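Here is a report on one protein chain. Look at the sequence and the structure first, then read on.

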Amino acid sequence: MFIDRAKIYIKAGDGGDGCTSFYTEKYVPNGGPDGGDGGNGGNIVFTVNPNAASLSEFRFGKHYRAENGANGSGKNRHGKNGADLVLKVPRGTVVRDEKSGGIIADMFYENDSVVVLKGGTGGKGNARFKSSRRQAPGFSQKGEPTREQSIVLELKTIADVGLAGLPNAGKSTLLSVLTGANPKIANYPFTTLTPNLGVCYDGDYSFTIADIPGLIEGAADGAGLGHKFLRHIDRTRTIVHVVDISTDGDAVKDYETVNAELFKYNPELKSVPQLIALNKIDCADKQKIADFRARVDGEIYEISGIAHKGLKGLTRAITAKLAELPPQGPLEFEPFVYEEADPNSYAITRSDDGAFVLSGALIDKLARSVVLEDRDSFMYFQRRLDLSGVTKAMKKAGIKSGDIVRILDTEFTYED
């Protein structure tokens, strides 16, 4: 099944906890702290799989988590870093943050590799907290936790030429005869269900063609499958607008309908060059062809996909047009980056029961570094609050001896 859009959840690995340990060996008293650091968590990395043409791999898998870092251990042994989780996507996949819609990465080139989420930093072992004044720290630091994020993957087909037109205009037939692709072809008044891609050769020159399905009136507003597949025309360098000139209806109106949907979906497509292919001329009235030429400005080529008429002229025109245009490139965008909280930020609030509640990145970091039940650890914690200006800020907020201070799930009584 062709899947070109998927919503998934990703989470980098948590950092491993540091170890609280003391060196012990026979006949060696007071060996000192030897707790090792925890390992860093694994990253979430996106790379390109040049052999993939669909996001079907992500149809059922919704949650992707990198490996956590291992905890540290005694004898100064550091925990192993968590393995990165590498997610392979088709070339042309755009990675977006689901909440903001911001573009994180455009996987345009075959060698693209992007770290989307960084793993948590491993906690420090108690050996790291040894100092001249604190010879035997009985605490270590917990690993940094990470947050799960929801992202959207969108596949935008990378092709030089996009075939646009109403259903049954003959786009699939034209693609098959120009490139040798094998799309499902039949005489039905509804649309092809998936984009198809092929390579056309004109002498020593070659270019890729994509059949863009779903273009009916109202497609840009979600009618039919148009809203789902219109994104595949975003990257094309030129558009071949296929018009069925053999119908009893108004071919000019058909042409205008398709253009209206294209430009409503993306006004920038007005700047993409168009070649008009009047298809099925072997079944068309000559007067109708003349009338179309009189009413529509543009490069018009009379062809028949079924009868293989006029195809060389159209192919040469496409080659000449592409030679005038710059090569394809990735989208231009300001990369969305998940913000990392200011490590020195904190907030002091009052709860309904009157307790002073400390929160923020600084408080989280300190809370990971201490064991409040341990005297040495708690004294270290208080000194860090003093040095960081938190104690001064609490006094300014009106705290006094005997008040309750709450940090995460821990409470203690403030003493001035």
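## L153 and its surroundings

Start with L153. Setting aside neighbours within four places in sequence, L153 is in contact with D4, R5, A6, I8, F46, L55, F58, V89, T93, V94 and V95. This is a predicted model.

L153 also belongs to the largest nonpolar core, which has 24 residues. The residues with the most contacts inside that core are I8, I10, F46, F58, I151 and L153. Strand 1 (5–11), strand 2 (44–48) and strand 4 (85–89) each give two or more residues. So do strand 6 (103–107), strand 7 (113–117) and strand 8 (149–155). In soluble globular proteins, nonpolar side chains tend to be buried together.

## The chain overall

The protein chain has eight helices and 18 strands. It runs to 416 residues, and 47% of them count as buried. The accessible surface comes to about 21700 Å². Carbon and sulfur atoms hold 48% of that surface.

## A buried histidine

H232 lies in the loop between helix 2 (226–229) and strand 12 (238–244). Is H232 buried or exposed? Its relative accessibility is 0%, so H232 counts as buried; the cut-off for buried is under 20%.

The H232 side chain has polar partners. One is the side chain of D4, at 2.7 Å. Another is the side chain of T157, at 2.6 Å. D4 is also one of the residues in contact with L153.

## A buried serine in a loop

S140 is found in the loop between strand 7 and strand 8. S140 counts as buried, at 11% relative accessibility.

Which polar atoms does the S140 side chain meet? A polar atom of this side chain lies 3.1 Å from the backbone oxygen of G18. The side chains of S140 and T20 are joined by a polar contact of 2.9 Å. Leaving aside neighbours within four places in sequence, S140 is in contact with G18, C19, T20, K124, G125, N126, F129, R368, S369 and V370.

## Helix 6 and its cover

Two of those S140 contacts, R368 and S369, are buried residues of helix 6 (residues 361–369). A361, L362, I363 and L366 are buried in this helix as well.

What covers the buried residues of helix 6? The cover includes strand 16 (356–359) and strand 17 (404–407). It also includes helix 7 (375–387) and helix 8 (390–396).

## Rings and charges

The structure holds six aromatic pairs. One of them joins F108 and Y109 edge-to-face, at 4.9 Å centre to centre and 80 degrees between the planes. F108 is buried, with a relative accessible area of 3%. Y109 is partly exposed, at 40%. Another pair, Y205 and F207, is tilted: 6.3 Å centre to centre, 45 degrees between the planes. Y205 counts as partly exposed at 29% relative accessibility, whereas F207 counts as buried at 1%.

The charged end of R91 sits over the F108 ring, 5.0 Å from its centre. Elsewhere, R350 lies over the face of F356, at 3.9 Å from the ring centre. F356 falls in strand 16 (356–359), part of the helix 6 cover.

Next, two residues with positive phi. K280 is not a glycine, yet its phi is about 65 degrees. K280 is found in the loop between strand 13 (274–279) and helix 4 (286–295).

H308 is not a glycine either, and its phi is about 60 degrees. H308 lies in the loop between strand 14 (299–302) and helix 5 (311–324). Is H308 buried or exposed? H308 is exposed, with a relative accessible area of 53%. By contrast, H232 counts as buried at 0%.

Note on methods:
Residues are numbered from 1 along each chain as its sequence is written. This is a predicted model: local features need pLDDT of at least 70, side-chain atom pairs count only at pLDDT 80 or more; totals for chains, interfaces and linings use all residues. Side-chain values use heavy atoms; hydrogens and water are left out. Helices (H or I, at least four residues) and strands (E, at least two) are DSSP runs, numbered from the N terminus. Buried means under 20% relative accessible area, exposed over 50%, partly exposed in between (1.4 Å probe, protein chains only). Accessible areas come from the Shrake-Rupley method with a 1.4 Å probe; for residues, only the protein chains shown count as cover. Rings of Phe, Tyr and Trp (its six-membered ring) pair if their centres lie within 6.5 Å; planes under 30 degrees apart count as stacked, over 60 as edge-to-face and the rest as tilted. A charge sits over a ring if NZ of Lys or CZ of Arg is within 6 Å of the ring centre and within 35 degrees of the ring normal. A nonpolar core is a set of buried Ala, Val, Leu, Ile, Met, Phe, Trp, Tyr and Cys residues joined through side-chain atoms within 4.5 Å. Contact means heavy atoms within 4.5 Å. A polar contact is a pair of N or O atoms within 3.5 Å; within protein, one must be able to donate a hydrogen and the other to accept it, and residues adjacent in sequence count only if both atoms are side-chain atoms.
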